[in-house]
Amino acid sequence: MASIRRTLSQVYQDRSYQNGVASAQAHKLFSTNNNSGKYSSLTSTSAVAAASVYLRRKGFRRSFYRCTIFFILGLLLGIFPFGQVDNDINKHDFSFEMKPPHVNVQLDTKDNFAFAAVSLGVEKTTPQLDRFSRFDYVERKQVIVITPTYNRALQAYFLNRLGQVLRLVQPPLLWIVVEMTSASAETAEILRKTGVMYRHLVCVNKNNTNVKDRGVHQRNAGLEHIERHRLDGVVYFADDDNVYSLQLFESLRNISHFGTWPVAMLAQSKNKAIVEGPVCNASQVIGWHTNEKSRRLRRFHVDMSGFAFNSTILWDPKRWNRPFSNPIRQLDTVKEGFQETTFIEQVVEDESQMESVPPSCSRILNWHLHLDAHGLVYPRGWLLQKNLEVVQPIK
């Protein structure tokens, strides 16, 4: 009982606990009856529980503080690495190339026929390649083709044929198709299906009463479009009813100023072919294929599809030292057949400024056949003069 009295001394009664309950209860119990064993047992149990709660809370705080300190220390060590890191990783250190084993085939035959080592591995490419050689890029001059067209029986056939030829030409190529009065839905559909970069224009000329001059106004509409938008390239007038070689369009890119070549033409009587165009010596033009009557009337004897020129002549006269800045256009005031020579006179002064295409004018690259069909309805249908249905009996 002495130890119990020592526990209930004034010093221990005044000690405060975390929950503030155990001290009050112990003081009350022991002050009521100090000789009761029941109260002494409850008091000791409450004191132990309060002490354990205090130690448990104190240990949790200590663990939390330690974890926080170690976390901050690890974060600082990760942000500020010690030593030097080698960033130069050679290509041979990591290889993702699949190299299957070599296959050696040996066949013992009477003729001693044998295969050497056959390698199925992927060839290693050079890591540093020029960007142009990697994509097979070749800088090419743009070809600008102006084609006047109008509604007639063979229009769809002519446009499709020319469009398929232009589709095979290496880009860049711009096809400017010009119609009169309005743009037809049939022509627009044909142009979309060709896969060629094109511009569909409409030439509106209320004063155009002569049907023969419609091609002149349509070409002028294309020239005005090039001049307004300052398109850079080689301009070529390609009617849809002519026949063209693919080599012709590739040769146009070599023209720096003005180029010309001979054109094979089917005569109006369609019983003979004639050649109209330049006579060349290497890359120089030294004469013309023509007859006596035409030579006295025309300065340059070229077909409309037999020449091409640099588009900058239209919108940059200072580059070519042109004395006048008037727009270069075809003239509808001259007779039919003279539009070519009057137009060329605005572009060049004489044959010394011309280039032959191809060199020496050694090949015919396009034909003018005059194969237009008359009296046929387009686009509603065809007019057949004879019945082509034949019934063949079975024997």
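The legends below describe close-up views of a predicted model.

**View 1. Overall composition of the predicted protein.**
The secondary structure of the protein consists of 12 helices and 14 strands. Of its 395 residues, 34% count as buried. The accessible surface comes to about 27,100 Å², and carbon and sulfur atoms account for 55% of that area. Among contacts between residues at least 6 apart in sequence, 68% join residues at least 24 apart.

The unreviewed UniProt entry places the feature "binding site" at Asp241. Asp241 is found in the loop between strand E6 (234–237) and strand E7 (243–244). With a relative accessible area of 16%, Asp241 falls under the 20% limit and is therefore buried. Leaving aside neighbours within four places in sequence, the residues in contact with Asp241 are Arg152, Phe158 and Arg161.

**View 2. The salt bridge between Arg219 and Asp239.**
The side chains of Arg219 and Asp239 meet in a salt bridge, with an N to O distance of 3.2 Å. Arg219 lies in helix H8 (residues 214–229) and Asp239 in the loop between E6 and E7, so the pair ties together parts that are 20 residues apart in sequence. Arg219 is buried, with a relative accessible area of 9%. Asp239 is also buried, at 13%. The count of salt bridges in the model comes to eight. Side chains of opposite charge can pair when their charged atoms come close.

**View 3. The salt bridge between Glu276 and Arg298.**
Glu276 and Arg298 meet through their side chains in a salt bridge of 3.0 Å, N to O. The pair links distant parts of the chain: Glu276 belongs to strand E10 (residues 273–281), while Arg298 is in the loop between helix H10 (292–297) and strand E12 (307–310), 22 residues apart. Glu276 has a relative accessible area of 14% and is buried. Arg298 counts as buried too, at 13% relative accessibility.

**View 4. The salt bridge between Arg253 and Glu250.**
An N to O distance of 3.5 Å separates the side chains of Arg253 and Glu250 in this salt bridge. Arg253 is buried, with a relative accessible area of 10%. Glu250, by contrast, is partly exposed, with a relative accessible area of 29%.

**View 5. The disulfide between Cys280 and Cys361.**
The structure holds one disulfide. It is formed by Cys280 and Cys361, whose sulfur atoms are 1.9 Å apart. The torsion about the S-S bond is about -40 degrees, so the disulfide is left-handed. The pair links distant parts of the chain: Cys280 sits in strand E10 and Cys361 in the loop between E13 and strand E14 (366–368), 81 residues apart. Cys280 is buried, with a relative accessible area of 14%. Cys361 counts as buried at 12% relative accessibility. Two further cysteines may be located for reference: Cys67 is exposed, with a relative accessible area of 56%, whereas Cys203 counts as buried at 7%.

**View 6. Helix H12 and its cover.**
H12 is mostly covered, with eight of its nine residues buried. The buried residues are Gln339, Glu340, Thr341, Thr342, Phe343, Ile344, Gln346 and Val347. What covers them includes H8, E6, strand E8 (258–260), E12 and helix H11 (312–315).

Gln353 lies in the loop between helix H12 (339–347) and strand E13 (355–356). At 27% relative accessibility, Gln353 counts as partly exposed. Apart from neighbours within four places in sequence, Gln353 is in contact with His257, Phe258, Val347 and Val348. Gln353 and Phe258 are 95 residues apart in sequence, yet their C-alpha atoms are 6.9 Å apart in space.

**View 7. A nonpolar surface patch that includes Leu76.**
Phe71, Ile72, Leu75, Leu76 and Ile79 make a nonpolar surface patch of about 510 Å². Leu76 has its place in helix H4 (residues 37–79). At 43% relative accessibility, Leu76 counts as partly exposed. An α-helix has 3.6 residues a turn, so residues three or four places apart point the same way.

Key. Residues numbered from 1 in each chain as written. Predicted model: local features only at pLDDT ≥ 70, side-chain atom pairs only at ≥ 80, totals over all residues. Heavy atoms only, no water. UniProt positions renumbered as here; feature names shortened; annotations may be inferred. Helix = DSSP H or I, 4+ residues; strand = E, 2+ residues; numbered from the N terminus. Buried < 20%, exposed > 50% of the residue type's maximum accessible area, 1.4 Å probe, protein only. Contact = heavy atoms within 4.5 Å. Salt bridge = Lys/Arg side-chain N within 4 Å of Asp/Glu carboxyl O. Areas by Shrake-Rupley, 256 points an atom, 1.4 Å probe, with all protein chains shown as cover. Patch = residues over 30% accessible without salt bridge, like charges linked within 9 Å, V, L, I, M, F, W, Y side chains within 5 Å. Disulfide = S-S within 2.5 Å.
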